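Hi,

Here is the structure for you to look at. My notes on it follow below.

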Protein chains: 2
Amino acid sequence: MIEETSKEVIDQRIQMAAEAYQFLKNTTIRERAAFMNAVADKIESLGDGLLTTAHQETSLPLARLAGEKARTTGQWRSYANAVATGIYAEPRINLPQPDQQKGDLRKYNVGIGPVVVFGASNFPFAFSTAGGDTASAIGAGNPVIVKAHPAHPETSKIMADAITTVVHEFKWPEGIFSHVTGTSNDIGAYLAKHKEIKAVAFTGSFGGGKALFNIANQREEPIPVFAEMGSINPVFAFQNVLQNRAEELAKEYAASLTLGVGQFCTNPGVFIALKGEGLNKFINTLKNEIPGITPVNMLHKGIFENFEKLKTTAIEQPEVNVIAHVSSEANEWQGRATVVETTGKNFIQNSILSEEVFGPFGIVVACETPEEMIQIAKQLKGQLTITVAGTDPDVRENQNLINFLKDKCGRLLFNGMPTGVEVVYAMQHGGPFPSTTDARFTSVGPDAVKRFVRPISFQNWPDEFLPQELKNENPLQISRVVDGEVNSGSLKL
Amino acid sequence: MIEETSKEVIDQRIQMAAEAYQFLKNTTIRERAAFMNAVADKIESLGDGLLTTAHQETSLPLARLAGEKARTTGQWRSYANAVATGIYAEPRINLPQPDQQKGDLRKYNVGIGPVVVFGASNFPFAFSTAGGDTASAIGAGNPVIVKAHPAHPETSKIMADAITTVVHEFKWPEGIFSHVTGTSNDIGAYLAKHKEIKAVAFTGSFGGGKALFNIANQREEPIPVFAEMGSINPVFAFQNVLQNRAEELAKEYAASLTLGVGQFCTNPGVFIALKGEGLNKFINTLKNEIPGITPVNMLHKGIFENFEKLKTTAIEQPEVNVIAHVSSEANEWQGRATVVETTGKNFIQNSILSEEVFGPFGIVVACETPEEMIQIAKQLKGQLTITVAGTDPDVRENQNLINFLKDKCGRLLFNGMPTGVEVVYAMQHGGPFPSTTDARFTSVGPDAVKRFVRPISFQNWPDEFLPQELKNENPLQISRVVDGEVNSGSLKL
């Protein structure tokens, strides 16, 4: 049973968050980084109970969960390190000049206020209660209110308690972090509508993310929503690579498609190529690979049922043929891998085939002509990732198509498969709508912090009243843009 | 007569802009900077016809227009210099590491696609056809379609022709820049709804900006809107400064309130202080200063009529008394300066008094207690600027109030007056809603470029196919974050 946090308690927590913001916005980047590292330590110190609880609640294997836990503490640490450098404070100083009227101007980024984070089901650690959204929002200087994902309530509680313990250890205001629970959508809508809430971060379905986006933009004071909502992550394969390594590519594709029972935002749901001998070899290899994939339980019953429904809908479309599938009866919530094929023309005409089927389901699109492939590229909706499977000559021959692909994704791969991310500066996890609501930001990597800041400029303030990041002496010794030049020293006044 | 550009021509220009984007997104930061500098040169070379035309269309004095022209070319040059440094390309490179799966990741910012810019009436050069929005959108790598402000059509055309000439000189696709005209709101709505348009920049009324915001967010693919919509730019004055220099402060305030017939977004429409001897002296000085201000024509009839209407509405509110006004009859569209006073209690209770009156109109709010001033600070809507008029001891005594003010503005001044901006990195021209639709960005200073970019990450691409900004050799010799460290050299592979 999941407790529904009452509106009274939610109101109280939001009020505490608003008060905590007054404290948090005056902390320095170093103080917040220290807090974040302490959260990482705390999560690391959690015993095996965390993993076994998460395993019971999500069916995810223990080894995967151990890896995800390490990634999650890694996120807190890497975002902490990034915040500590001042890269997201973006200090800019313009000293008085004889030809200017405004005098001394100093700008840096502060937090925006209380942020609501919605936990995701498919990453109970990395994209949930103590996940990247929470870490980046706090790093930016904002209190966080997590709406726990109802598919893993105990896991969420363990993580929430860990963060709360660190808040107490730091003697920071309790409103820095709150955890609310419930199964109804009303709670989410209530949070997103509340006037003290200043941003929303969400990972989940298009329906959920878009509903939050609409609520947020229809408020008296609109607020930003960072919703990651799904993607079919197309793979465009070209002639040379299909001729030379169709079988290897098929094995890579099958592994990526079925990794974690296909429950990745970056799952490669569509494979597009010219028909011919190479593609035949690719398909034949899939026929061998897919049936042998052992079906395992999906995250929860709702995801399983949705997978079965959308998979069946796709299969029932005209000119769609099943190439390969796991033929056993589904036991409990097992996600059985399935791959179908269709023509380029049919894929272009039937928009149902471009909808995400969350789980181990792929469509191979056999195009008649290179123009059909370009047509598909131009028509694609926004994606988290797009993969080009090809050789250097393939790229040279298909520059036009690849140029269009750049407009349709946040991450463009050259070979390899898109599943998985790296928590580094150069990662982009966010793409044009509808893969996310705001392609200008990432939800993975330290740059995720950027989502939750805004600049404030101080004009002619005495040094005494300026934040550490902007003081003459540069006590934090951070890199600042001073009169247009990058400078890490103190000001020469 | 202003020609209404037909829907057919608009469609054609948008299509050309979409095609030009395919070109522009593959230009380097240096190529775009060269273009921007050439536009600055071209505008600089325009003869006196530009100034006299603008003077006829806007009633703005020639000296002011000459200054604004210099500012406008300065904007193109300073944004060009900033773009050329790579600061907005934000290149980030993560080389393959033994413990990572994803290999080589390289991210940088590209343009987002065709941007619609709405010219403003009050800055015919700096915030209009060839203004900061156009410069920053092109600098970011986006074609621009300007909807000319109907109050200065000839001025707009001269500027549009200058940009178009440079497009031709560079042999760049004509769709890089388009100029459409008309007086109906339909054209603006049509542009904002078009699926090839990827962002909107607007400076003007709350009604206009919010309508565009709503249209943009209700599209099938929502797009960002950067609307600067107005601000009352409160001045909070404290005891020590009122005791020591009330008269001087009143003179500064009167000058700022009536500068340019009050037609600045940063006009200080409200002055808030504790009642007492200091405030009496301030008010008495205003009584001397304001009646002597020579009334001059406002920008156009619509602005004049709106000013008269909103001024009258404010004056007619209960407990509002006129302190000082220009008593002559209005001749043509003359904006006659007026200052009223009211109590803190009344200002808190009557929200009409917090609405912007665009023009030379100010409200002096006499508070009973410091708590009333805090209440006003907490209740304020978002502002472009807030000014603290005080001494160092005043600031120490009012930390709590000033802490709240930080949440309500983009630029916080310590003494001085808010009118005018400086086109530098440390400027913030943008504040919490409803002063703008997105407090995370500025429309003045090189950082304005940030509004129009999004990141794309390249995974494992051969050097040959990477943009110049991300190549191994670092041919542009720009600063990049390589494996977490800032580095301006070539990669050691």
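This is a predicted model: local features need pLDDT of at least 70, side-chain atom pairs count only at pLDDT 80 or more; totals for chains, interfaces and linings use all residues.

Which way do V225(A), A227(A), F226(A) and E228(A) point from strand β7 (residues 225-228) of chain A, and are they buried or exposed? V225(A) and A227(A) point one way, F226(A) and E228(A) point the other way, and all are buried.

The predictor gives the complex an ipTM of 0.97 and a pTM of 0.97. Chain A has an average pLDDT of 96, and 100% of its residues score at least 70.

**Strands in chain A**

β7(A) has a partner in strand β6 (residues 199-203) of chain A. The two pair in the parallel sense over 4 bridges. Within that pairing, V200(A) stands opposite V225(A).

V144(A) and V146(A) point one way from β4(A). I145(A) and K147(A) point the other way, and all are buried. β4(A) pairs with strand β3 (residues 115-118) of chain A, in the parallel sense and over 4 bridges. I145(A) in β4(A) is the bridge partner of V116(A).

**Where the chains meet**

The contact takes 50 residues from chain A and 50 residues from chain B. On the side of chain A that touches chain B, β1 (92-94), β2 (105-111), α14 (392-397), β16 (409-414) and β17 (453-459) of chain A each supply at least two residues. β17(A) gives the most, with 6 residues. By class, that side of chain A has 20 nonpolar, 18 polar and 12 charged residues.

**Around β15 of chain B**

β16(B) has a partner in chain B as well: 5 bridges join it to β15(B), and the two run parallel. T387(B) stands opposite L413(B) in β16(B). β15(B) also pairs with strand β8 (residues 235-237) of chain B, in the parallel sense over 3 bridges. In that pairing, T387(B) stands opposite V235(B).

Why is strand β15 (residues 383-389) of chain B largely enclosed by the rest of the structure? Because 7 of its 7 residues are buried.

Helix α1 (residues 7-24) of chain B has 18 residues. From its first C-alpha to its last it reaches 25 Å, close to the 26 Å expected at 1.5 Å a residue. Its buried residues include I10(B), I14(B), A17(B), Y21(B) and L24(B), and also R13(B), M16(B) and A20(B). They cover an arc of only 165° around the axis, so they are on the same side of α1(B). What covers them includes β2 (105-111), β4 (144-147), β5 (177-180) and α7 (185-193) of chain B.

Helix α8 (residues 206-217) of chain B has 12 residues, which should span 16 Å at 1.5 Å a residue. Its end C-alpha atoms are 16 Å apart, which agrees. G209(B), L212(B), F213(B) and A216(B) are the buried residues of α8(B). Their arc around the axis is only 105°, which puts them on the same side of α8(B). They pack against α7, β6 (199-203) and β7 (225-228) of chain B.

**Two loop residues in chain B**

S128(B) is in the loop between β3 (115-118) and α5 (132-140) of chain B. It counts as buried because it has 30 C-beta neighbours inside 10 Å, and 20 or more are enough. Beyond its neighbours within four places in sequence, S128(B) is in contact with G119(B), A120(B), F123(B), H149(B) and S156(B). S128(B) and P153(B) are 25 residues apart in sequence and 11 Å apart in space, C-alpha to C-alpha.

H429(B) is in the loop between β16 and β17 (453-459) of chain B. With 27 C-beta neighbours inside 10 Å, H429(B) also counts as buried.

Best wishes

Technical notes: Residues are numbered from 1 along each chain as its sequence is written. Chains are lettered from A and ligands numbered from 1 in the order in which they are written. A residue is buried if 20 or more other C-beta atoms lie within 10 Å of its own, exposed if 12 or fewer, and partly exposed in between; C-beta atoms are placed from the backbone. Two residues are in contact if their C-beta atoms, placed from the backbone, lie within 7 Å. The expected span of a helix is 1.5 Å times one less than its number of residues. The arc is that of the directions from the helix axis to the C-beta atoms. pLDDT is the predictor's confidence in each residue, from 0 to 100. Ala, Val, Leu, Ile, Met, Phe, Trp, Tyr, Cys and Pro count as nonpolar, Asp, Glu, Lys and Arg as charged, and the others, Gly among them, as polar. Two strands pair if DSSP finds at least two bridges between them.
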